[in-house]
Structure formats: C-alpha cells, structure tokens
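This briefing concerns a single protein chain. Please view the sequence and the structure together before reading the notes.

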Amino acid sequence: MASDLKLYRNREQTYIKHKFLTKYLQAAAYKTLHGYPAFNFVDAFAGPWNVSDEEDYSDASFHQAINTLEAVRKDLQGRGNGALKLRFYFCERRTDAVERLREYAKKHNNYNIRVFPGAFEDNLDAISASIPDGFTFTFIDPTGWDIRNEDVFKFLLKHKGEFLLNFMSDHINRHAEYEKVSAAYGRFLADPEWGTEFAQLPGDWNNEKRILHLLKEKMKEAKVATYLPDFPILMPAKERLKMRLILGTHSAKGLEVFRNVQEKVERDEIAIRNSIRDNHSSQMGLFSDDYIAEIQQKREGVGCAKYLDQAKDEIMETLRSYGASKFAELSSGLMDKFPIRLTQTKSLLRKMKDEGLVDFTLPPRKRVPRDDTRVVLAPENNNRS
C-alpha cells in the first residue's frame, strides 16, 4: 500500500481496512479484467475522512483504489491485453468534502472520475445510468448504519460485480436494542419488522452477532450475493471488535481470494497491535512482532485449530443431512462460514479420510480432493448421531 502507517496514527484499524481493500481490489482486478471490457469502482461514502495527507490523499480509500487498479491495468496492457477501461464513481454527502473530491478529480483528469454529491441512496439511479458495462466493485464504508439498504440492494442487483461493506460492529453492538434507533436498523436490514426475528435468535448471541446474522440473511434473500465472508478488525489497543469487512460475491473464486487476503492482512493487524502494546510497555520483547504475529495467527487466526474443528463438524453434519457432496460445494460453504483457506479445506478432508470419517476416490498420485471429487461419509459413520 502506498500510504505509510505513520499517516494512520491512532487510527490503525483504518490502515488495516485500506490494506485489505487494496489487496482484494488488486486480486479482483486481475481476476476480472481478462473477461470484462471495464472495471468500475464505486466508492459510496468516499470522504475524504480524517486524512493526514491533505495534499495527495494517499491515506484515502479513493486514492488507493485508483493507484491499485491503474497498476493492474498497466501491467495487463503491457502483456498485450488491450485497452482496458477503468471508471471511478465517488459519492459523498458533505458539501466541503464534495468540493475536495472535485478538486481531486480535476487534478487527476487523466482518469475517468465522476463525483456525485449527496447521499449514496439518492444517487443510485444516476450512478447506474453512468455505468454502461463491465465489472462493478462497490465499496460501502459508512460512518454508521443508517443506510437505505433496500435501495442499495436493487442497485447491486443491476450490476455484475462484487461489494465490500464495512459493518460497524462496535456501534451496532452498543445500540441495536435502543428504541430510538429501531427505524434506522429497519432501513439497514431492509426490514422494518426486524425486531421479531432479532428476538428469536439465540439468547447467548450479542447484538452484533444477531444483526450480522440478519443482514447476511437479508442479503442472500435479496440475491445480491451467494457468499458473504467477513473479516473482523479489532481496535488497535483494545481487545474489542471495531468493524467487519463483508464481501458480497457470487463467485467461489472471489471467496477463495477473500480468505487468502484475510490471512495476509490479519497477520499485519496482529503485528501492529503487538507493536502498539510493546510501545506502551517498558519491556523489550525477545522476538519480533512479525514472528509473534505468525505464532498468534496459527493459534487463533485464519485456519487455526478451532476453526478447522468447527469446519470438521460442519462437514460431518452436511454429509449426514444431505448425503454425498462435491468438494467444490463443500469447500465454498466452509470458506463462507469459517475463516479458512481452500488449501486448508483440502488438507482437512485428506485428514478426515485418513481418520476413517469420510471417503472419496482420487486419480493416481493425487492426495487431496479436486472440485469434482465426490465426498461421502465413511460407511461406519453413516448412522452416528
């Protein structure tokens, strides 16, 4: 990422958010620019917000998106992939920020940038009319949760692509049951009667988990995404959840890329948090923050034993309930629900086969399942409860 971490002092969670955005955008662009005539980037709440670099906005999401996508475009064009198009659509409600965006667009007039003043939901038709074709990636990064998602869902359905939503976990966990914000949650969940379903969810779930569950259910019902993996980001110096980045995609490949990027960025997040902790302590550690982060991630991060055990139980339950399943279907369901990577699901199935829990047949000299591999319960497990 072009911006230095020093620009994000006391807002390191934003650094992690932007790092994830740029790494996923890069992978998404390489994945899609081969098959589409254009890549459209929509920044629904563009800002700029609390930037340190007031001149170049290098710590703003829109600037980083432009730099990331332009680098991919140039690389692909250099390989003979033709004149690939990039289009940028920036929406912002605050008048002063809109003027700054317009100045930025004027300064960078070599890019196709359009600025839409006003609320994102009020500009959906205008933005749609400006997108003639291509793959559309929508970045939805509000400061709260008062969004008319019923309208947003209709916009997302119109355009082939993906979206990344910043789910403000900390605020939601504190305010979900406040009567005065009930209507706002109804708009956010595209369901004015959300409270009924909310009350029926398990009592040991906190507010954040309930709202997250309902939001994903509403998104899948609206068919804006088949998969909705999320990446939790903690407050820099506290053991408290700040936000979740939720990817909405219909692509199993997009799901795979999400978990791969999550693993890399998660390790950076752990290292940054360790560094902040060390700076607050008078003791010097024997090992580097990066080394400790790697150990911590293996213990509690992407692909750790806890998540693999949960995935193992999910596989057994799925096979008992629905019978034989292709590996591609199993792995997509697991990566959607748990923070594990595709290679980890393959190794898990191989281990389960060695343990006599499941069975599948592979071509000669192959050890792990392929997409079309048919996975079944081992005979002795068919009747176990």
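The model is predicted. The protein chain contains 14 helices and 10 strands. Its radius of gyration is 22 Å, close to the 21 Å that the globule rule gives for 385 residues, so the chain is as compact as a globular protein of that length.

**Overall dimensions and burial**

- The C-alpha trace of the protein chain spans about 70 × 55 × 50 Å along its principal axes.
- Buried residues make up 52% of the 385 residues in the protein chain.
- When contacts between residues at least 6 apart in sequence are considered, 69% of them join residues at least 24 apart.

**Packing of helix 12 and helix 13**

- Helix 12 covers residues 305-322 and helix 13 covers residues 327-337; their axes come within 11 Å and cross at roughly 135°.
- The crossing of helix 12 and helix 13 is right-handed.
- On the side of helix 12, the contact is made by Ala311, Glu314, Ile315, Thr318 and Leu319, while helix 13 contributes Leu330, Leu334 and Lys337.
- By class, this contact between helix 12 and helix 13 comprises 5 nonpolar, 1 polar and 2 charged residues.

Technical notes:
Residues numbered from 1 in each chain as written. Predicted model: local features only at pLDDT ≥ 70, side-chain atom pairs only at ≥ 80, totals over all residues. Heavy atoms only, no water. Axes fitted to C-alpha atoms, helices over the stretch in contact; angles between N-to-C directions. Helix = DSSP H or I, 4+ residues; strand = E, 2+ residues; numbered from the N terminus. Left-handed = near helix turned anticlockwise from the far one by under 90°. Contact = heavy atoms within 4.5 Å. Nonpolar A, V, L, I, M, F, W, Y, C, P; charged D, E, K, R; others polar. Rg over C-alpha atoms; globule rule 2.2 N^0.38 Å. Buried < 20%, exposed > 50% of the residue type's maximum accessible area, 1.4 Å probe, protein only.
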